[in-house]
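Let us go through the assignments in this model one by one. Each answer sets a value against its criterion.

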Amino acid sequence: SKDIVCGGIVTDWVDATSKAGNQYGILTVEDYSGPHKFFLFGASYPQWRGYGVVGMYLYIQAKYVPKRFVV
């Protein structure tokens, strides 16, 4: 696993619906290195959609965990 830390300003938020009828969001955060898109599906969508306000500053701490079985 690897810890990831980034921060920036929200420049775009998109609410969308998949072909199956599930809602998801695309959060775009921009910093000095450029824009980064975060796709929010399932339970994380309603939990984090409040942060999709254009102009909001975010400090994000995350952990990258590779898949256990790679086919």
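**Salt bridges, sheet and pocket**

The structure holds two salt bridges. This is a predicted model, where local features need pLDDT of at least 70, side-chain atom pairs count only at pLDDT 80 or more, and totals for chains, interfaces and linings use all residues. Residues are numbered from 1 along each chain as its sequence is written, and side-chain values use heavy atoms, with hydrogens and water left out.

Q: Why is the pair Asp-3 and Lys-63 called a salt bridge?
A: The criterion is a side-chain nitrogen of Lys or Arg within 4 Å of a carboxyl oxygen of Asp or Glu. The closest N and O atoms of Asp-3 and Lys-63 are 3.7 Å apart, so the pair qualifies. Asp-3 sits in strand E1 and Lys-63 in strand E4, so the contact ties together parts 60 residues apart in sequence. Strands here are DSSP runs (E, at least two residues), as are helices (H or I, at least four), numbered from the N terminus.

Q: What makes Asp-15 and Arg-49 a salt bridge?
A: Their closest N and O atoms are 3.8 Å apart, so this pair also meets the criterion. It links distant parts of the chain: Asp-15 is in strand E1, and Arg-49 is in the loop between helix H1 (44-48) and E4, 34 residues away.

Q: Why does Asp-15 count as partly exposed?
A: Buried means under 20% relative accessible area, exposed over 50%, and partly exposed in between (1.4 Å probe, protein chains only). Asp-15 has 42% relative accessibility, so it counts as partly exposed. Arg-49, at 40%, therefore counts as partly exposed too. Asp-3 and Lys-63 are both exposed.

Q: How do you know that E2 and E3 pair?
A: Two strands pair if DSSP finds at least two bridges between them. Strand E2 (residues 23-31) and E3 have seven, in the antiparallel sense, so they pair. In one of these, Leu-27 has Phe-38 of E3 as its bridge partner.

Q: What makes E3 and E4 edge strands?
A: The open sheet has four strands in the order E3-E2-E1-E4, paired antiparallel. Strand E3 (34-40) and strand E4 (57-64) each have a single partner strand, so one side of each lacks a neighbour in the sheet.

Q: How does the lining of the largest pocket divide by residue class?
A: It has 13 nonpolar residues, one polar and one charged. Nonpolar covers Ala, Val, Leu, Ile, Met, Phe, Trp, Tyr, Cys and Pro; charged covers Asp, Glu, Lys and Arg; the others, Gly among them, are polar. E4 gives the most to this lining, with seven residues.
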